Amino acid sequence: MPAHLLQEEEFSSASSTTTVGTVTSRVTKNGDAVMEKDLLSHEDLAAARGMVDDIFDETYREKEGPKPPLRYVWRNIILMSLLHLGAIFGLTLIPSAKIQTLAWAVLCFVVSALGITAGSHRLWSHRSYKATLPLRIFLTIANSVAFQNDIYEWVRDHRVHHKFSETDADPHNAMRGFFFSHIGWLLVRKHPDVIEKGQKLDLSDIKADKVVMFQRKYYKPSVVLLCFTLPTVVPWYFWDESIIISFFIPAILRYTIGLNATWLVNSAAHMFGNRPYDQNINPRENPLVSLGALGEGFHNYHHTFPYDYSTSEFGWRFNLTTAFIDFMCLLGLASDRKKVSKEVILARKMRTGDGSHKSG
């Protein structure tokens, strides 16, 4: 048994899945269960897998006194405004676009989304599974297609988000309202606590990944090529689509939709939905967000068990990213998927959930 597994965890080399944790209680024959607490705490499990920077820091306290004044980033405000105006124009061009162009735009969206969900998020931020070099290269390319900051910066901000969720140190603190957590956080300077806590994170694992650091070094040209140029040139060159449609649908509109799908995880999935796993935290279960973000809307589960590679207990349901990772494992390109045991999930629902799991 690998050294990082504890107690009754199960490891199968055939399925390449690690099941994490056990519980103190037993389920009776008629299905009733009496459960007090998880045998292994959330922090114990995280420490066991060598990862503590995505665990909420209970010791953090916001500074007393007035909040620092907002400092607007006018460059971002102007660029985001122009981008969304371009996306609206792209919507008007859809009836004139060839079916191949629309299919290409969807493909670009899915690839770019996987660069975030399977790449920046589940692989690099939470280390919930392992990926071989070819898969890491693909996910890095897909991440540049997505253009949501390079992997290193994305991981840093996301780990800070988990460690200090819904506080001043959270980059997109949902307590500051829907608009701020959705896009507003990109239009103003970061709160000083976000910068301070981000500088103190241990990102040695990310710095040690040569693929990630190569992308960081050449991020700007990779974005110009992969996010805008390639999506535009392919339909124009291969099936004689107009250059205007080629630019505004597969590049601009697709990119804008991808951004908003990710942002909805920060906003809607922190405000709308139930909390069957932990009613004491803000993140919610939001199936509509999961549909748009390829499985990232099961957010109450994810903040309760951030080390689970599926970010959900329901497998492939509304979760294309989980299906993708499972397929990569089948091909031998991924391994060591971490999964929370059903017993631990049930124990947590009974102990801290809002009871909504009882109604399905």
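In which helix is Glu196 found? Glu196 sits in helix α7, where helices are DSSP runs of H or I of at least four residues, numbered from the N terminus. Before I continue, please note that this is a predicted model, in which local features need pLDDT of at least 70, side-chain atom pairs count only at pLDDT 80 or more, and totals for chains, interfaces and linings use all residues. Residues are numbered from 1 along each chain as its sequence is written, and side-chain values use heavy atoms, with hydrogens and water left out.

Glu196 has a relative accessibility of 29% and therefore counts as partly exposed; buried means under 20% relative accessible area, exposed over 50%, and partly exposed in between, with a 1.4 Å probe and protein chains only.

I turn now to helix α5, residues 151-163. Among the buried residues are Trp154, Arg156 and His158. The covering elements include α3 (99-125), α4 (133-146) and α7 (192-200), contact meaning heavy atoms within 4.5 Å. At the N-terminal end, Asp150 caps α5, with a side-chain oxygen 3.1 Å from the backbone nitrogen of Tyr152.

Next, two loop residues. Most residues other than glycine have a negative phi. Asp240, however, has a positive phi of about 55° and is not a glycine. Asp240 lies in the loop between α10 and α11 and, at 62% relative accessibility, counts as exposed. Leu294 also has a positive phi of about 55° without being a glycine. Leu294 is in the loop between α12 (287-292) and α13, but this residue is buried, with a relative accessible area of 7%.

Finally, the transmembrane regions. The unreviewed UniProt entry places them at residues 77-96, 102-120, 218-238 and 244-265; such annotations may be inferred rather than shown by experiment, feature names are shortened, and positions follow the numbering used here. Residues 77-96 are 85% helix and 0% strand, with end C-alpha atoms 30 Å apart. Residues 244-265 are 100% helix and 0% strand, and their end C-alpha atoms lie 31 Å apart.

Notes:
A polar contact is a pair of N or O atoms within 3.5 Å; within protein, one must be able to donate a hydrogen and the other to accept it, and residues adjacent in sequence count only if both atoms are side-chain atoms.
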